[in-house]
Amino acid sequence: MRSSEIRALFAVASRPEVVSLAGGMPYIGGLPLEEIGEMMRRLIVEQGETALQYGSGQGHEGLREHITHVMALEGIRAHPDDVVVTTGSQQALDLVTTVFIDPGDVIVAEAPSYVGALGVFRAHEADVVHVPMDENGLVPVALESRLAALKAEGRRVKFLYTVPNYHNPGGVTLSLERRPQILEICRRYGVLVLEDNPYGLLGFDREPLPAMRSMDSEGVIYLGSFSKTFAPGFRVGWAVAPHAVREKLVLASESAILCPSNASQMAIAMYLDHADWQGQIKKFREQYRERRDAMIAALEEFIPEASWNVPDGGFYVWVKLPEGLDAKSMLPRAVTARVAYVPGTAFYYDGSGSNYMRLSYCYPTPERIREGVRRLAGVVVAEMETVKIFGTTGAGPTTTVQFPSPDMA
Amino acid sequence: MDVLILAGGLSHERDVSIRSGRRVKDELESRGVKVSIADVDTALIPKLRAMGDDAIVWPLLHGASGEDGSLQALLELVGVPFVGTRSREASVAWVKPVAKAVFARGSVATPDYVTLPQSLFREAGADQVLAALVERFPLPLVVKPARGGSALGVSLVTDPSQLAHAMVQCFAYGDMAMVERALFGTEVAVSVLGSGDDARVLPAVEIQCEGPYDYDARYNPGRVEYFAPARLDAEATAEVENAALAVHRIMGLVDLSRIDMILESGVANVIDINIAPGMTETSLLPQAIEASGADLGALYESICAEALARHRSR
């Protein structure tokens, strides 16, 4: 099954009859829309001549100031000059890759890894080498041996791409003890760390861990985003990088997009100024925790033969299917049953991960999540029967990154 | 004349249907026709009931509910005029082995085939059924869902080791598989307009594909080269056109259809019937219209007008 076929199957996910456990759309319904609407009105009426004009390539200064305060919650001390605002952190990913990667260069990343990053890396013809995770995140010993092996092969590793908090899709968090270990290993091998942290403030049970950037300001490029803590529609993310890199990122960004949207940046600055944004994040956390609980309870009730982690933050549960099942070849059945998920192979560069799927609990209500998992259970039973009859899965080799478009929740 | 296009649906081919719908809307609008697009949901029946006297429905749903006759049944129940084949004929054309059995009786050639439900493999033992299959149908063969389109769930099996895998893939789309002898000739699609004695063909379109003509090849430009009209001599052209007309008439198809076939040793072997053929920018029927020299918008308008006149004369 090719990528276009998978995308076509995802097309039904936008219909209300389908319970989509596929997308990563935050629960925007939880925002105080009236209040934000009034702010937007004031922004245009009072500051429209700036908001609707071109802005600085590096980003709106007032917002950059705010961003330093947001990052302080995770222990990062940075100056507004260190921040480059981007069109979502996805653009920051693309800029960093543009600046650092020549075709054939190696990027080391967790196994599995964020599909949107893999797509960028593939577009720049990088080679991605995966390193395993366990329940405490990236495994330092495994990272070291992988870097040593690559060095021995004479391969040039440019950076480690990592999502340390509430990993997408893995759902795990890199433990506090491991953070300095990973940084030390990378330093020793001369490998930069690209820390992608959209979910850091969305933990359910504890205060945020210190970011890796807070422990090393020279060896880490940090990516942040308002997409999960506020709203992805504004498309505002940012990068924090050492001085020399930052200048290159600004130049690359200017040549790509001139400047990020002033209106979006100023709207977010206003929201951070006037709204109880930390209180809102707390509300989001409670809503997401309730949804996580609904999903875990439904998995225990309906698909006990599968296995999964219980995430303590973020949006995703990473589910291992019963032996012999292939998540991708099962997808047409799921579409027929009116439920959608993302097959695990999307999150690997090398086509592995076929017996995994990513379920997201961020968007559907707890009742819909339960119904979705119930439908999924029927899909699993039916596929297991077919696989048992024929003694093989329907999986074929895969070479492309498959993913629904971002608005398929 | 107002046209209500139905596109989307909940089938595996939703994406293609939406693209087809937009395409036809643009073309009709270029002729000044007032067009709206609706999906099939609980808001549909009120929309149908609100249609004026000078309005017609064009169902462009692909796959189940759009092509299996159920949507047509609904339109007949509500009593609105619509473009295309009626529900009874649609439901026969929809199930590939049933359609093959019907048009083969009318002396239209089609590759030898067998229909196998998943339950048969469970009851009689998959290994033994597969062994019997390979004995009777020498490789290569094609495994496809008995219902459905756009080549979803279709595999070409060239080695016995691929067979079980192909069956699993096929059964993910439905509980009935059709296994067919694979043919390797010139792949041709002939579109037919009108109905009964008035049915007429559009120029045949030839498909030359790098690798299998699968879903990816159909909807993403690049891997396929189309020739419209097909590069066939007069005799071969007559053969494919006669086969398409015969199928269209035997199956009682109305207004438009696309008949897919493989021309092997001078014989047109029909492999698929589409009563709601794709209308996207890479689809075959619009290419055939362009090859005929007709304007897409004008032709779509005349299809609607003909269907509306037929409804009024009933």
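Where in chain A does Leu258(A) lie? In this predicted model, Leu258(A) sits in the loop between helix H8 (243–257) and helix H9 (262–274) of chain A. Leu258(A) is not a glycine, yet its phi is positive, at about 65 degrees. Leu258(A) counts as exposed because it has 11 C-beta neighbours inside 10 Å, and the cut-off for exposed is 12 or fewer. Arg338(A) also has a positive phi, near 65 degrees, and is a residue other than glycine. Arg338(A) belongs to the loop between helix H11 (331–336) and strand E12 (339–340) of chain A. With 19 C-beta neighbours inside 10 Å, Arg338(A) counts as partly exposed.

Chain A contains an open sheet of eight strands with mixed pairing. The strand order is E2-E9-E8-E7-E6-E3-E4-E5. Strand E2 (83–87) and strand E5 (137–138) of chain A are the edge strands, each pairing on one side only. H8(A) packs on this sheet and touches E2, strand E8 (220–225) and strand E9 (236–240) of chain A. The direction of H8(A) makes about 25 degrees with that of E2(A). Within the sheet, E6(A) and strand E7 (residues 192–196) of chain A run parallel and are joined by four bridges. Leu160(A) has Val193(A) in E7(A) as its bridge partner. The peptide bond between Asn168(A) and Pro169(A) is cis, with omega about 10 degrees.

A further open sheet in chain A has four strands in the order E10-E11-E14-E13, and its pairing is antiparallel. Its edge strands are strand E10 (307–308) and strand E13 (342–343) of chain A, each of which pairs on one side only. Two bridges link E10(A) to strand E11 (residues 316–320) of chain A in the antiparallel sense. Trp308(A) stands opposite Val319(A) in E11(A).

In chain B, helix H12 (residues 296–313) has 18 residues. At 1.5 Å a residue, H12(B) should span 26 Å, and its end C-alpha atoms are 26 Å apart, which agrees. Leu299(B), Tyr300(B), Ile303(B), Cys304(B) and Ala307(B) are the buried residues named for H12(B). These residues cover an arc of only 140 degrees around the axis, so they lie on the same side of H12(B). An α-helix has 3.6 residues a turn, so residues three or four places apart point the same way. The buried residues of H12(B) pack against strand E1 (2–6), H1, strand E3 (55–59), strand E8 (186–193), strand E12 (256–264) and helix H11 (284–291) of chain B. On the face of H12(B) turned away from its buried side are the exposed residues Ala309(B), Arg312(B) and Ser313(B).

Chain B also has a cis peptide bond from Leu139(B) to Pro140(B), with omega near -5 degrees. Pro140(B) is found in the loop between helix H7 (126–136) and strand E5 (141–145) of chain B.

The contact between the chains takes 22 residues from chain A and 23 residues from chain B. Helix H1 (14–29), helix H6 (118–124), helix H8 (163–171) and helix H9 (215–219) of chain B each give two or more residues to the side that touches chain A. H8(B) gives the most, with six residues. The chain B side divides into 13 nonpolar, six polar and four charged residues.

Note on methods: Residues numbered from 1 in each chain as written. Chains lettered and ligands numbered in written order. Predicted model: local features only at pLDDT ≥ 70, side-chain atom pairs only at ≥ 80, totals over all residues. Pairing = 2+ DSSP bridges. Contact = placed C-beta atoms within 7 Å. Nonpolar A, V, L, I, M, F, W, Y, C, P; charged D, E, K, R; others polar. Expected span 1.5 Å × (residues − 1). Buried ≥ 20, exposed ≤ 12 C-beta atoms within 10 Å, placed from the backbone. Arc of directions from axis to C-beta. Axes fitted to C-alpha atoms, helices over the stretch in contact; angles between N-to-C directions.
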